[in-house]
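Here is a short tour for anyone who likes to look at side chains up close. Keep the viewer open while you read.

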Amino acid sequence: QVQLVESGGGLVQAGGSLRLSCAASGSISEINIMGWYRQAPGKQRELVAQIGTGGISNYADSVKGRFTISRDNAKSTVYLQMNNLKPEDTAVYYCNTKQLAKGQWNPYWGQGTQVTVSS
């Protein structure tokens, strides 16, 4: 089992910045992927960004150039720096990790943190 504890989020005006953090604990695999998804009201949950143990990352087109994902492997923590926020970024942001164990990827989710961007 892996536990995820998120922090950050809140209310910010358009054009502002926020930083999300997510710390993982428990049975953490040597090879894993950590990332962030978001879900706006009435919409499906979507991938925002994710990063592998080796540092390779990918982003949703809608956040490229504005959001930066990073990780500290020693702390098992992933960060999402969100700049130039837009009202359409308003959503609940969920931390996610996929842990590779015995040839199988096992997903875990955080509780979610609200990000609200006012216009």
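The sections below go through the sheet, the nonpolar core, the charged pairs and the aromatic rings. Please bear in mind that this is a predicted model.

## The four-stranded sheet

Four strands make an open sheet in the order β1-β3-β8-β7, and their pairing is antiparallel. At the edges sit β1 and β7, each of which pairs on one side only. Ignoring direction, neighbouring strands of this sheet are turned by 15° against each other on average.

Inside the sheet, six bridges link β3 and β8 in the antiparallel sense. A handy spot to check in your viewer is arginine 19, which stands opposite glutamine 81 in β8.

In soluble globular proteins, nonpolar side chains tend to be buried together. Here, the largest nonpolar core has 27 residues, and those with the most contacts inside it are Trp36, Leu80, Met82 and Tyr93. At least two residues of this core come from each of β1 (2–7), β3 (18–26), β4, β5 (46–52), β7, β8, β9 and β11 (113–118). The largest share, four residues, is supplied by β3.

Leaving aside residues up to four places away in sequence, the neighbours it touches include Leu18, Leu20, Trp36, Val48, Phe67, Ile69 and Tyr93. Arg19 and Thr68 are also among the residues that leucine 80 touches.

## A network of charged side chains

Side chains of opposite charge can pair when their charged atoms come close. The structure holds four salt bridges. One of them joins arginine 38 and glutamate 46, at 2.8 Å from N to O. Arginine 38 counts as buried because its relative accessibility is 6%, whereas glutamate 46, at 37%, is partly exposed.

Which other residue forms a salt bridge with arginine 38? The partner is aspartate 89, with the closest N and O atoms 2.9 Å apart. Arginine 38 lies in strand β4 (residues 32–39) and aspartate 89 in the loop between β8 (77–82) and β9 (91–101), so this pair ties together parts that are 51 residues apart in sequence. Aspartate 89 is buried, with a relative accessible area of 1%. Its side chain also meets that of arginine 66 in a salt bridge of 2.7 Å, N to O. Because arginine 66 lies in the loop between β6 (57–59) and β7 (67–72), this second pair of aspartate 89 ties together parts that are 23 residues apart in sequence. Arginine 66 is buried too, at 9% relative accessibility. Through shared partners, salt bridges join Arg38, Glu46, Arg66 and Asp89 into one network.

The whole structure contains two aromatic pairs. In one, the rings of tyrosine 37 and tryptophan 109 have centres 5.0 Å apart and planes at 65°, so the pair is edge-to-face. Since tyrosine 37 lies in strand β4 and tryptophan 109 in strand β10 (residues 104–109), the pair ties together parts that are 72 residues apart in sequence. Tyrosine 37 counts as buried at 17% relative accessibility, while tryptophan 109 is partly exposed at 39%.

The rings of tyrosine 94 and tryptophan 109 are also edge-to-face, with centres 6.5 Å apart and planes at 85°. Tyrosine 94 lies in strand β9, so its pair with tryptophan 109 in β10 ties together parts that are 15 residues apart in sequence. Tyrosine 94 is buried, at 15% relative accessible area.

Notes
Residues numbered from 1 in each chain as written. Predicted model: local features only at pLDDT ≥ 70, side-chain atom pairs only at ≥ 80, totals over all residues. Heavy atoms only, no water. Buried < 20%, exposed > 50% of the residue type's maximum accessible area, 1.4 Å probe, protein only. Core = buried A, V, L, I, M, F, W, Y, C linked by side-chain atoms within 4.5 Å. Contact = heavy atoms within 4.5 Å. Pairing = 2+ DSSP bridges. Axes fitted to C-alpha atoms, helices over the stretch in contact; angles between N-to-C directions. Phe/Tyr/Trp six-rings, centres within 6.5 Å; stacked < 30°, edge-to-face > 60°.
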